[in-house]
Amino acid sequence: MTKRVESESNGISTTVRSPSHRSRSNGGSDFISSLPDEVLQHILSYIPTEYAVRTSALSKRWKHVWRETPSLSFHCHTWDHHPVSISKTLASFFTAPKLTSFHIHVTFNPNNSSLTSSSHVNSWIELALSREADKISLVIIGSDNVLPDLFFTNSSVKQLRLALGHRGSYDYRNMIPKPTVVWTSLRNLSLECFSLPDESLANILSGCPMLESLVLINCPKLGHLDLSNSPKLTSLNYVGETTRGDGFHQDMVLKMLQKLQNVENLTIGPIVLQLLSVAELCGLPFPQLQAKSLTVTTMVVRSVIPSLARLLQNSPGLQKITLNTISYRGIPDAEFNRHLRKQGLNPDGCWRLEYGDFPTTKQTYSHCVVATRAKSKHVVSFIKLVLQHSKAVDTVVLRLGGYLNATEYEKLLRMVPTFTGNKNVRTRGQGKRLLNVLKITPRTVCV
């Protein structure tokens, strides 16, 4: 049986199917409804708030449950009535004293980024701050006028993602924080699609003494990164433009690495690896690293090999290596080689001497997607290089994702036991239909 009802979300109507007798407990109510409010609210925290609000129309039992859900999540455009409806619903009904997470994805009208719409978004952010949200994610497209001053002095947030544009759109907005940033509890920070000057980022980092992980994605104005105020930083992920004027960012990235030389768990992404390869080929000195665990997200292409080999050589205490292969082209071969020539190096000579077994980006990728040209023999050469330069490592975890097709993957599994020796090499697979192969392959464990 179904019925048409209206929820608390400003008259949003929905169709509700009454629970069948088979789903009811002996007490006459369905099993889900008999759960405690705290359990139901935990469940509702995993869905967008719009749908959580609609559960108030299910029955009297559900009418008030969503109001204290510890998570809010909205996705809206300012040219419809969503901002007004959201503000009214939150002001009238939402009563949770504490938020564990808060997420908004707001797209402003490109022809009319009104102050009225900004004030709504501003009020939602202030609500999250007043409820001491632990995790905050703000994706704001088309406006840079919505962050209240209070946002920059928040001692409760532990994880923050802030994006002011779409990747690939290049319509990035400025963010000039207050003179004093106070994010004293922040441990994970992700800044995406910003026109962020060096001094602004320095101001932000100076207010994050507990910061452990920093992600920078598409911040084109960034020219220098000072990590001297981030003593607890253990993970740095940099994605975006790789050149500035006539030069690469390899000097800046090498300085970043020096600031991280004492961390025990180090994570490095593909662009950083490629830039460090430039530094290695140019003969720049690398710091000695104290890392015990190294996680590398990369492509199996020759432009990452020089830096990976050097990182392993300079990490004598390394115990575990995790390699995540991805479908990402990174710096194009032509751009990479052009810069090497500007440094007085012969690209063909650089690659032929030690790295000829590895393919170029062009040989592996097609239209930014891994094609059938990715070969198991290249992955084998990759694993051999890792083992050769990390003799003290106990465990190597290789996560292939969808990097190889099924045929090449099976070839890899047959080859792994022939050269791994006593190393504990774990290969995480690509599909359920290959799990049986993993289970019966010697020295290979599916986790």
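Student: At what angle do the axes of H7 and H8 cross?

Tutor: Helices, like strands, are DSSP runs numbered from the N terminus (H or I, at least four residues; strands E, at least two). Axes are lines fitted to C-alpha atoms, for helices over the stretch in contact, and angles run from 0 to 180 degrees between N-to-C directions. The axes of H7 and H8 come within 7 Å, and their crossing angle is roughly 80 degrees.

Student: What kind of model is this?

Tutor: Residues count from 1 along each chain as its sequence is written, and side-chain values use heavy atoms, leaving out hydrogens and water. Local features need pLDDT of at least 70, side-chain atom pairs count only at pLDDT 80 or more, and totals for chains, interfaces and linings use all residues, for this is a predicted model.

Student: Is H7 roughly parallel or roughly perpendicular to H8?

Tutor: Go back to the crossing of H7 and H8, roughly 80 degrees. Under 35 degrees counts as roughly parallel, over 145 as roughly antiparallel, 65 to 115 as roughly perpendicular and the rest as oblique. That angle therefore makes H7 and H8 roughly perpendicular.

Student: Which residues of H7 make the contact with H8?

Tutor: Contact means heavy atoms within 4.5 Å. H8 brings Ile305, Pro306, Ser307, Leu308, Arg310 and Leu311. H7 brings Leu273, Leu276, Ser277, Glu280 and Leu281.

Student: How many charged residues are in the contact of H7 with H8?

Tutor: Ala, Val, Leu, Ile, Met, Phe, Trp, Tyr, Cys and Pro count as nonpolar, Asp, Glu, Lys and Arg as charged, and the others, Gly among them, as polar. Seven residues of this contact are nonpolar and two are polar. The number of charged ones is two.

Student: At what angle do the axes of H8 and H12 cross?

Tutor: H8 covers residues 305–313 and H12 covers residues 376–388. Their axes come within 9 Å. They are roughly parallel because of that crossing, which is roughly 30 degrees.

Student: Which residues of H12 meet H8?

Tutor: From H8 come Ile305, Leu308, Ala309 and Leu312. By class, this contact of H8 with H12 has seven nonpolar, no polar and no charged residues. The H12 residues are Phe382, Leu385 and Val386.

Student: How many of the nine residues of H8 are buried?

Tutor: Buried means under 20% relative accessible area, exposed over 50%, partly exposed in between (1.4 Å probe, protein chains only). In H8 the buried ones include Pro306, Ser307 and Leu311. H8 is largely enclosed by the rest of the structure, because the buried count is seven.

Student: What is the volume of the largest cavity?

Tutor: A cavity is a set of points on a 1 Å grid over the protein atoms alone where a 1.4 Å probe fits but cannot get out. Points are joined across faces, edges and corners, and a volume is the space filled by probe spheres set on them. The structure holds four cavities of 30 Å³ or more, and the largest has a volume of about 80 Å³.

Student: Which elements each supply at least two residues of its lining?

Tutor: Lining residues have an atom within 4 Å of a point. Here they include Val253, Thr267 and Leu276, and they divide into nine nonpolar, one polar and no charged. The elements are H6 (250–259), E14 (265–268) and H7 (270–281).

Student: What is the relative accessible area of Leu404?

Tutor: Leu404 sits in the loop between strand E19 (395–399) and helix H13 (406–415). Leu404 and Ser376 are 28 residues apart in sequence and 7.2 Å apart in space, C-alpha to C-alpha. Leu404 is buried, at 4%.

Technical notes: On a 1 Å grid over the protein atoms alone, a cavity is a set of points where a 1.4 Å probe fits but cannot get out, and a pocket is an open set with protein on both sides within 12 Å along at least five of seven lines; lining residues have an atom within 4 Å of a point.
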